Structure formats: C-alpha cells, structure tokens
Amino acid sequence: MSHSGAGFSGDVDPDLPLSPEGITFHVACTSKHLADRIIFVGDPGRVKTVGAYLDTGSITYEASHREINIITGSYHGVPVTVLSTGMGTDNIEIMMNEVHILKEYDPKKRRWRARAGDALADPLETSFDPSKVKLIRVGTCGTPNEEVQVGCLAITQYAIGMDNTCQYYDAPAVNSTADVQEVLAKVQTTSLGKVQVYATKAAPAITQGLVDACTALNSKANASEQQRYYVGATCSASGFYGCQGRSVGRFRGHLTAPNLTEELGDLCFNVSEGEQRVVNIEMESSALCYLSNLLGYQAGAVCVVVAQRSRSGRAFTTPEQLAKALSNAITVALEALTKD
Ligand code: R1P
Ligand code: URA
C-alpha cells in the first residue's frame with residue numbers, strides 16, 4: 001500500500017493530518033497496523049532485512065510512502081512493526097509524532113485516549129499505558145572512540161543531540177537529572193559549546209535488555225564468533241560530513257568543530273552507571289530518546305560501527321563484518337524488544 005497525499009484533502013485538520021480511514025500523513029498505516037513494539041531503521045532497504053527475522057508467514061501488513069517502509073508481523077509470537085525513518089533527527093520527529101497519533105488518538109471519536117490519572121471521558125474506556133510503547137533503533141554509525149573497532153555494536157545509554165530538532169520541545173523531566181546534566185556540561189566544554197546541544201537518556205530497561213540480549217547471544221557463540229559491544233553515549237549529528245567533523249574539499253577551513261571526533265573521543269562522563277565514554281556518532285538517537293522520554297515511551301538504540309575515526313586512526317568495515325554485526329544487532333534488538 002502507498003499513498004501520495006491523495007485522500008488528505010477536504011476537512012483534514014492541517015495540524016493533525018489523518019485520512020478519513022485514520023492513516024497518518026507520512027507513516028502509511030492506521031492504528032491497527034502498528035504494533036506496540038517497534039524497530040526503527042534508517043535505511044528503507046533494511047526493513048526487508050529485519051522482516052526476514054520475523055516469524056515465518058507472520059507479516060500481516062506492508063506499506064511504503066516516501067522513505068518510510070513499514071511491515072508488521074511477529075517475533076516469537078509477539079507483534080512487532082519495523083519502520084524505516086530515513087536519515088536524520090528531523091525525520092525522527094515526524095515518525096515520533098505519527099507513532100504518538102497512531103497509538104493515542106482515536107480518529108473515530110476525534111479525541112486523545114486517556115492515560116492513567118487523566119479524567120476518563122468514557123468510564124468504560126481503559127486508560128492508555130505509554131510505557132508499553134517500545135522503540136529500538138537498529139542503525140549504523142561511526143565512532144570517535146579509540147577502543148571501539150569497526151564491526152562492534154554500540155548500545156546507547158546517554159544520547160547527545162548535536163542536532164537542533166529537540167530544541168523545539170521543552171525538556172522532559174529525565175533531562176534534569178544530575179547524570180544528564182553531567183553529560184551536557186562536559187560536551188559543552190568542547191567546540192560544541194559554539195552550537196546549541198542537548199542531552200538525554202535511553203530508557204534504562206531498553207539499554208539493559210540490549211546488553212542482556214548480547215550476553216545471551218555470546219553465551220551461545222564460540223570464541224571466534226563473539227560479538228563485541230560497548231555501552232555509552234551516542235552523539236547524533238544533523239549531517240554526515242561537517243556536522244560529524246569531516247572536512248571535504250573546499251569546506252576545509254570552514255568547520256565550526258574541525259576536531260570534533262578527537263574532542264568527543266576524549267570525553268569522559270562520571271554518571272551513576274560509572275565512567276562513560278562517547279561510543280558512537282550517528283544521526284537519529286538523540287531525538288528518538290528525547291521525544292520518547294517526553295511521551296513516556298521506552299526507547300533505545302543499537303548500532304553497528306561501520307567507521308572508526310579516532311586519534312588512533314581510520315578504518316571502515318568490510319561487507320562481511322557489516323553483515324555479521326548487523327545480523328547480531330537485529331537479533332539482540334528483537335530479543336530486547338519482545339522480552340516481557
Ligand atoms: C548515514 O549514512 C546514515 O547511517 C546511519 C546514520 O544515523 C544516518 O542515518 O544510520 P542508518 O544506517 O540507520 O541510516
Ligand atoms: N553513520 C554516520 O552517521 N556516521 C558514520 O560515520 C557512519 C555511519
């Protein structure tokens with residue numbers, strides 16, 4: 001299924017664009033097609049790759065619109081939706097708003113579902129529990145960290161927004177914690193002090209679920225197949241090149257943060273989990289975690305490290321390393337998403 005904006009006319013609310021059937025403007029599905037447990041991938045082609053890990057014959061819905069591919073099926077019997085976001089936190093902002101609409105807006109009654117603590121409009125209606133919405137990003141990334149090699153997995157515990165997407169939203173309470181403030185203060189001592197940055201945290205249960213799934217995976221693998229993984233802070237950039245410290249051609253000499261990777265690689269945060277480092281740089285996790293925290297949803301990320309850009313050198317993954325690590329990332333994400 002696909003739509004091109006047709007059906008979005010007449011009495012559609014421009015601030016809440018839903019078709020008469022309840023299909024959102026960018027994510028081409030209705031509420032009944034979207035599971036509570038969702039995998040986000042950047043690359044639209046990766047949706048099919050993840051789909052191959054779902055239960056045989058379980059796919060009940062498939063659609064495509066712009067860069068957003070969607071399939072819904074099940075993993076070990078638990079309903080799961082896989083969605084591509086395309087690149088960047090700006091796309092994540094669209095996805096998070098439309099997931100929120102699909103999960104919590106009733107297009108027939110034309111009102112938002114009540115949550116526990118809200119005055120229930122309909123005494124027969126059960127309240128919506130936002131914490132049951134779980135989102136895990138399975139992505140690719142670079143690393144400024146000398147220890148983290150290509151082919152490793154980077155699991156997000158804290159997320160640093162070098163983008164400006166969430167500057168348009170008021171900070172959720174989780175960002176006032178001493179831990180998040182420690183991360184933000186340290187990042188602001190780098191060249192990123194010249195741009196507005198924000199910090200947030202992945203849902204601790206998702207981070208722990210990903211770690212547990214890696215441990216379980218490794219317990220079944222022989223010594224040569226162990227999947228290395230690192231837990232730490234993810235930096236999300238608003239672009240791939242200058243925004244990640246890559247100076248290309250005549251852009252050289254015009255970067256605000258030309259030594260970004262070295263600066264991020266040197267950072268060390270003293271948070272309640274212990275000493276933490278920046279483990280990866282990519283383009284989506286900050287907005288995913290920030291907006292999920294704001295909505296009370298649980299989100300996290302696991303990314304395959306495809307590029308090493310640290311003080312000790314430069315490296316890029318081989319196709320074989322990428323395929324193996326991506327397969328492991330998909331498995332641990334599906335395991336973490338569907339446990340309990
Ligand atoms: C850049 O090449 C893209 O790859 C990474 C970045 O976050 C960005 O979206 O993630 P995905 O592989 O999930 O797209
Ligand atoms: N994706 C990114 O955003 N950065 C990298 O260096 C590699 C993948």
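Which residues lie nearest the centre of the largest pocket? They are Met87, Thr140, Cys141, Phe240 and Met283, among 20 lining residues. This is a predicted model: local features need pLDDT of at least 70, side-chain atom pairs count only at pLDDT 80 or more, and totals for linings use all residues. Residues are numbered from 1 along each chain as its sequence is written, ligands are numbered from 1 in the order written, and side-chain values use heavy atoms without hydrogens or water.

A pocket is an open set of points on a 1 Å grid over the protein atoms alone, where a 1.4 Å probe fits, with protein on both sides within 12 Å along at least five of seven lines; lining residues have an atom within 4 Å of a point. The largest pocket holds about 350 Å³ of space (the space filled by probe spheres set on the points). β7 gives the most to its lining, with five residues.

Ligand 2 sits in the largest pocket (more than half of its atoms lie within 2 Å of the grid points). Around ligand 2 are residues including Ile281, Glu282, Val306 and Ala307 (each with a heavy atom within 4 Å). β7 also gives the most to this shell, with three residues.

Taken alone, ligand 2 exposes 240 Å², and the protein buries 91% of that (Shrake-Rupley method, 1.4 Å probe).

Notes:
Helix = DSSP H or I, 4+ residues; strand = E, 2+ residues; numbered from the N terminus.
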